Amino acid sequence: MASQAPILVATDLAKAFTAGGRHTQALDGVSFAIRPGVVTGLIGPDGAGKTTLMRLAAGLLIPDAGAIRVLGLDATQDSLAVQAALGYMPQRFGLYEDLTVQENLDLYADLQGVPKAARAERYGELMHMTGLAPFTRRLAGRLSGGMKQKLGLACTLVRAPRLLLLDEPTVGVDPVSRRELWAIVDRLVKGEGMSVLLSTAYLDEAERCNEVVLLHEGKVLDQGPPSAMSGRMAGRTWAVTVPGRRHRDVQAELEGQSGVVDALVQGDHVRLVTGSVAMSEELTGMPGLEGARIESVPPRFEDVFIDMLRSSSGGTEPRDGKYLPTPALPVNGEGENPSPEGGGRRREFCEHVPPPPKPACCAKMAVDGWEGENSGISASIPPSPVCGEPVIQVDNLRRRFGNFWAVDGVSFQVNRGEIFGLLGANGAGKSTTFRMLCGLLPASSGSLRVAGLDLRHAAAAARARIGYMSQKFSLYGNLSVAQNLDFFASAYGLSNMPRRERQAWALAEFELEKYADQLSGDLSLGYKQRLAMACALMHRPEILFLDEPTSGVDPLARREFWRRINALARGGVTVLVTTHFMEEAEYCDRLAIMAAGRILAMDEPAAVKAGARAEGNPSPSMEDAFIRLVEAGEAKELAA
Amino acid sequence: MRLKGLVRKEFLQIVRDPSSIAIAFVMPIFLLVLFGYGVSLDADRLPVALVAEEPSPDTADFFASLEGSHYFSTTHALTQAEAEQALRRGEVNAIAHLRADFAERLRGPDGAPIQVILNGVDANTARLTQGYVEGAWGNWLARRAASRGQELATPVKLEQRIWFNPEVKSRNFLVPGLVAIIMTLIGTLLTALVMAREWERGTMEALLVTPASMTEVLLGKLIAYFTLGTGGMLLTVGMAVFLFEVPLRGSFWVLWVCASLFLLAALGMGLTISTLARSQFVAGQIAIIGTFLPAFLLSGFLFDIDSMPAMVQNITHIIVARYFVSIVQTLFLAGDVWAVVLPNAAALALMAAIFLAITWRKSRKRLE
């Protein structure tokens, strides 16, 4: 068939940007082709060059070298013809927020030259597909994030394009809307035979694509069907549980060992990716895995990505350069010498780290009856790590903006040394809760105790004992790394000597020495994040608040970041973290799922997931659990 | 169809966006009321302290002539020191000081001197006050001479006729100039802001990949804001003529044509700015510093260009508003003086062409 000719071909594409003296090679010799009639995923972390590639394909940018042909036309030379034939939805889609849903549709129909006669039918289809039919008269600015995204898609589709380019359509969208968006894309491809090129930073979305182009730092790492890629990881992925030990400690010990590509806490087990195919019996010989229960689990796309990053350039910044791609797995008999510190080769993160707490632990916190429903499944879970005295006590916290309750009756406790996660979509009330906990925003009602201090009366005293890292990394971009550290230390009242000591510690610990004199605005996102965390730690806080700390950083930097968080928690620092990454929720000791200002569920990650177990879905993911809880919450609302 | 869609979109946005309404309608009305009623360059009720070292019927008579004038608001001070304190405190702008020998020397051959002390901080007011006090002095002397049946000996007799603005109301001169200011606001500031907003919100990127050409996108903006600017012009001219009773001596249609030329130049500047600055903040800054303030200060709207230093006068030639202010003031107060209107209109047309051409060349259907 003629239509089997590739619909988009990139040859040796290169594109660089220079801004403020900083030269960025966004794309560097990119070549690939995509087939018609399928969904091709353009996958890579932020800064990989996805948006640049999309804009080149839409004829909005001119390549420095190479060419890109779309639908048989040169996207640079014939940009008008290309634009007339494709649909492009930019990352922040251009919805006119002061126009209604209908007016936005009309505008794009006018611009795309859709004949008046054909409109009614097309609008009907689109509104049905996106579920926006009841809202046609609403201003676009008043729609939720997910609805805006669907309207953006509808506007792009007013004239059915042959090729649809979607630039990160699922960023910042709640999981329910994310599923709906994917359902729409599937329908377009299967029903209308459209070709779709979709970029995303969520690696789990790769599995929904027919084909994947893996992009990293402006280069194509690999291309092919995702199943074929993850197939290469077959026999290398394991679920590990060591009875009587905390997952976090097991993970810390595994990570950094040669032959280990990746080790992650996944709720009730540690997920281990090995450098080569191995038998589970062989693994039990690894240090730290004595008496472990090891099961083979199916590979995921993220494993491929991590494996590739670690084996290619060594990733973003390999810690200690230890991630060798060599399949040097220790065989039985070796390593019978587990170091009690866990991962003893690694430098300890905090100087004040005490020996790891005993795994034996006090009773689990009872939480609003949620516990009871799932107590049956916790038999197989090692004892809860929850122990120590509560350092954060929140009781029936509420906050109102106008007549809207951003936080509506939230209660929880967090104990010393615990990692507590708040999981929820944008607008669920996570950040508002956080700001109240940090004493940045007064509560409308309810009580709040942080580090034993009532925030109503002793906000300043409480703030001296907490560290806060905000969503946007509030650093001074035109100060150098060292100056930022110095400023934040002095802002927390550190006097000269300890300030210098602490600064030296931060530069060493976060491996920022090389960059000490560089402007922090010029750092890459991953380094900015490190610096922001270092700044929040200058005054040795007991409690650390992290607001969406990992959004936008690549998976390796994210792992690095969580390694630091884990080390801090081991040192007795209490960590509160908000996230909208479902998988990150798994790294927490306990988590609360929030929606519309309320806590829908609060428990250990495994128990939360177990709560969503259903007939057709025996091992639900965190996302499944989240969606189920949100839907149940909505159903309750409707019934009330 | 595409252009119609774009223009409709612009109007819907103008209607829904409070900041457009504020800039297009609230600001002009505010400025008109401010300049129509509030700000006045006329000196009226200037506070003056009167000191007579030795009060006599003559001093009382002279002071009475000042008290009776609406140009002054007088206060009597007993001593010079007291008057100086009032001047220092800013309670009065001037002191009229009559010496103890005033009455005696008045009858002498050389006449009597008066001392006038002025607060020179505000040079303009000081000069006005000086002139008015001197005028009042001259009048008083003339009246005094006349009452005795003598003619005051002056070599030349001054007969004044004030043309074009016989009542010498500064309102008549300020309000027409406001048309230029208001059209700069709408044409340049508002247009630059709304274009920058399209870049900021990512709507421009979505527009660029539609089949609509850049020309259509620009024309859509041009048509919408041209209409809005014309509305602002009609509002200002209407209020000037009907509310503030400024005479419109020239032809309304000539005014209309010239205003349209100016509006095109202003829109051209706004669109040029938006090709340089893609954030609302920067666009707003450039528009205010680069066009609005010069239109206010250097166009001849407030300050007479001919009395500026030569270098500043040269600078005013690149201020678009200058040509229009000169046209409006002439059309309102003097009538259709072609010698003024035509060269200025030609300058406007040239500047409109330059700015629109720059916009044209700079706007590409690309993001770089």
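User: How are residues and chains labelled here, and which confidence limits apply?

Analyst: Residues are numbered from 1 along each chain as its sequence is written, and chains are lettered from A in the order in which they are written. In this predicted model, local features need pLDDT of at least 70 and side-chain atom pairs count only at pLDDT 80 or more, while totals for chains, interfaces and linings use all residues.

User: What describes two packed helices?

Analyst: The angle between their axes and the distance between the axes. Here, the axes of H7 (residues 170–200) and H10 (residues 252–276) of chain B come within 8 Å and cross at roughly 30 degrees. Axes are fitted to C-alpha atoms over the stretch in contact, with angles from 0 to 180 degrees between N-to-C directions; helices are DSSP runs (H or I, at least four residues).

User: How are H7(B) and H10(B) therefore oriented to each other?

Analyst: H7(B) and H10(B) are therefore roughly parallel (angles under 35 degrees).

User: Which residues meet in H7(B) and H10(B)?

Analyst: Among them are Gly187(B) and Met195(B) in H7(B), and Phe262(B) and Gly270(B) in H10(B); contact needs C-beta atoms, placed from the backbone, within 7 Å. The contact residues divide into 14 nonpolar, 6 polar and no charged (Ala, Val, Leu, Ile, Met, Phe, Trp, Tyr, Cys and Pro are nonpolar; Asp, Glu, Lys and Arg charged; the others, Gly among them, polar).

User: How far apart are the centres of domain 1 and domain 2 of chain A?

Analyst: Taken over C-alpha atoms, those centres are 35 Å apart; the bounds come from an automatic or database domain assignment. Their contact takes 9 residues from domain 1 of chain A and 6 residues from domain 2 of chain A.

Note on methods: Helix = DSSP H or I, 4+ residues; strand = E, 2+ residues; numbered from the N terminus. Parallel < 35°, antiparallel > 145°, perpendicular 65-115°, else oblique. Contact = placed C-beta atoms within 7 Å.
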